[in-house]
Amino acid sequence: MGKVVLLLGDDISTDIIYPGRFMATVLPSETPQFAFADSVEFNKQLKAGEIPPGSVIVAGKNFGCGSSREQAASCLKGPDLVVVARHFARIFLQNSINLGMRTVICPDIEAEQGDELEIGADKVTNKTSGKSYAIVALPKSRQAIIDAGGLIPYTRQRILQEKK
Amino acid sequence: MGEKTKAMTMVEKILAKATGQAAVSAGDVLEPKIDLAMSHENGALVLNQFLEIYKGTGLDANVWDPSKIAIIFDHRVPAESAKTATNQKKLRDFVNKQGIVKFHDIRGDEGGICHQILPENGYVRPGAVVVGTDSHTTSHGALGAFAFGIGATEMASVWALGIALNIEVPGTIKVVVNGKFAPHVLPKDLILYLIGQLSAEGANFKVIEFHGETIRNMPTSGRLTICNMSVEAGATSGIVPPDAETLRYLKETAHVTEAVPTFGPDADAVYERTIEIDAAALDPQIACPHTVDNVKPVQEVAGKAIHQIVIGSCTNGRLDDIEIAAKVLQGKRVARGVRMLVFPASSRIYQEAMKLGYLSTLMEAGVVVMNSGCGPCLGIHQGALADGDVALATTNRNFKGRMGNPAAEVYLCSPAVAAASAVTGVITDPRKGG
C-alpha cells in the first residue's frame, strides 16, 4: 500500500523530473536530492525524509519523455518511489527497468493526491475510491532483466556465463 | 510467404543483418550487434555502471571493442565546474587506458557536438546499428543507420557485451513527403509540422521512415534535422533510406573512401501507418511553450516580443543554418533588448563559417558567437534565461525549465524564423522579411 504523494498530468519530461542544470551530478547515490527540483514543495518534503518509501507518483501519458538522462530514473529509485502512469516514454521505461525501479503501466488510472493505492500483479486498487484499474504488463523483452533485479546483475550473469 | 522472401522495413532489414538472420519482424525480441556506441560527458555514469557490472566477478573491466566506442565532450565545454572537469578527466583516463580512438576532446580543430562529430567523421554508415546515451542519437538515421538513444546502464552493458540486450523490433510509421518547400520554409518546419500532427507520443516505440521526393532532394544536413527531432514525437529512431546524397555526403564531407552499401525497404514492407505531407503547402512553423508538439504556423504568434535567440545545437547548428542567419543579418543589427547566441555544431563548421565570413557578419550585427557545444539548449552551460524571458531557438526542446529557468518560455523554430526575428525583436514570419 502506498500513498499518492504527487499527482501529475501528461508528457512529464525528464527536464521536470530532473532539471538539466543538475546533470553534472550522475551517481545514483547523489541524484535523489534533485528529484523534481522545480516542484519546490515536493522536493523539500523528499529531502526532509517526509515521504515514506513505497509512496506513489501518479501520472498521465508519456511520462519521462525527452532526454535519455538516467538521473530521472535513479532520483526516484533512490527514495523507493513507485510511478504509476497511463504510459511511459520508451527510454525512461527502459532506464527504470534497468535500475530495478518499480514502474506500473496503468492506462485508466484515476487517483487524487493522498489516495491510498494497492498495487497488485495485474491491477491497481485505489483503496480510497474503491475502484480497480488493470495493469498492462511491462514489455516481455525486458522480463529477464526484471527477474534478475536490473540490468547490472543481468549483464554480470551474462559475462560470467560467457566465460564458462 | 517463405522466411527469406519476407518483405522488410528499413529497421527490420538492419536488425536482420545485425543478428545474422534472413528476416525479422516487428515485435521480435533480438540482441543485435552494435556497430557504434556513443557517449558524451554522461559517459562518467556509464563508466561507474560498467565498473559496477564487473564488481565481484574477478574479471578485468575491459570494453568489448574499443574501435566501436565513441566519446565526445560537448555538453559542458569547456568545463563549467570542477565536478564536470573531474568527470571529463576520468573519462579521458579511461579512453587512454582502453585505447578508444573515436574520442573528441575539447578542441578547436576536431571538437563539437556528438551528433555532428559522428557523421562528419564518417563514423556512421548506412545499415549500422548505433546506440548513444543521448536521446537525439536518432539523428544518425539520416545516413541510413538504425540509431537510438539508451540510458547509461544500458550503455554499460553494451560496453561489456557489444550487443543491445533484449531489443524488441519496432513497428514503422512511413512518412512520404512530396513537393518543393516554399521560400523560407526549411526541413525544421517539416519536422515541427510532423510532430504537431503525431503528438509528443504519437511515435513512441516506433521508427519513422522518411520517403518522397522532398526527402530525396534534401541535403544530409536537413535529413539530420528531421531524424534528430523524430524523438520529439517519441520515435525510437528516424531513418532515411541511403541514396546518392548519402554517398555524396560520406565521400565529400566525411571523406569515406571505401565502398558503402545503399539499400531501401522492400516495396511491400508492412507499415503501421502511412502519413503523406505536401511540402509545398507548409508555412514556417513554431513550437510554442511548453511542449514540442504545441506547433502552429508562425504567423499565428508573430509579434510576440523575445529576449534571447539561439541558433545552434545538434538540430540546427550546421553550416547552412549559419549561412541563413548571416545572409539575413548582413548589414543589419540584432534588435536592442535581444541577446543573440550562435553556436556552431562543430569546430569544423565553426572554421568553415569563419572562412566564409559568416561569423564576422554575425558579430557585426551584434551576435555572440560561442564555441561548439550543447550548453544553452538544455540550460546546463551558458545562455540561461531570466524569469519572464522569452527565448526563440533553433534547438529541439521547449519543456518547462529547459533553458535553465522554469519561469521562462522557449519557442522552437527554423534558422530563417530566428534570423528574421533577430532584426525585429519580435517573432517574425521570414516571408515578411526581418
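Predicted model: local features only at pLDDT ≥ 70, side-chain atom pairs only at ≥ 80, totals over all residues.
Residues are numbered from 1 along each chain as its sequence is written, and chains are lettered from A in the order in which they are written. Local features need pLDDT of at least 70 and side-chain atom pairs count only at pLDDT 80 or more, whereas totals for chains, interfaces and linings use all residues.

Chain B contains 14 helices and 18 strands, these being DSSP runs numbered from the N terminus (helices H or I, at least four residues; strands E, at least two). The C-alpha trace of chain B spans about 60 × 55 × 40 Å along its principal axes. For 434 residues, a compact globule would have a radius of gyration near 22 Å, and the 21 Å of chain B agrees with this; the radius is taken over C-alpha atoms, and the globule rule is 2.2 Å times the number of residues to the power 0.38.

Five strands of chain B form an open sheet in the order β4-β3-β2-β5-β6, with parallel pairing (two strands pair if DSSP finds at least two bridges between them). Its edge strands, β4 (102-104) and β6 (146-149) of chain B, each pair on one side only. From one strand to the next, the twist averages 15 degrees. Strands β2 (residues 36-39) and β5 (residues 129-132) of chain B run parallel and are joined by three bridges, and Met38(B) stands opposite Gly132(B) in β5(B).

Helix α5 (residues 152-161) of chain B lies across β2, β3 (69-72) and β5 of chain B, at about 140 degrees to β2(B). Axes are lines fitted to C-alpha atoms, for helices over the stretch in contact, and angles run from 0 to 180 degrees between N-to-C directions. The axes of α2 (residues 43-54) of chain B and α5(B) come within 8 Å and cross at roughly 55 degrees. The pair is therefore oblique (under 35 degrees counts as roughly parallel, over 145 as roughly antiparallel, 65 to 115 as roughly perpendicular and the rest as oblique). Among the residues of α2(B) that meet α5(B) are Leu45(B), Phe50(B) and Ile53(B), while those of α5(B) include Met155(B) and Trp159(B); contact requires C-beta atoms, placed from the backbone, to lie within 7 Å. The residues of this contact divide into nine nonpolar, two polar and no charged (nonpolar: Ala, Val, Leu, Ile, Met, Phe, Trp, Tyr, Cys and Pro; charged: Asp, Glu, Lys and Arg; polar: the others, Gly among them).

Between the chains, the contact takes 40 residues from chain A and 46 residues from chain B. On the side of chain A, α6(A) gives the most, with eight residues.

Terms used: Contact = placed C-beta atoms within 7 Å.
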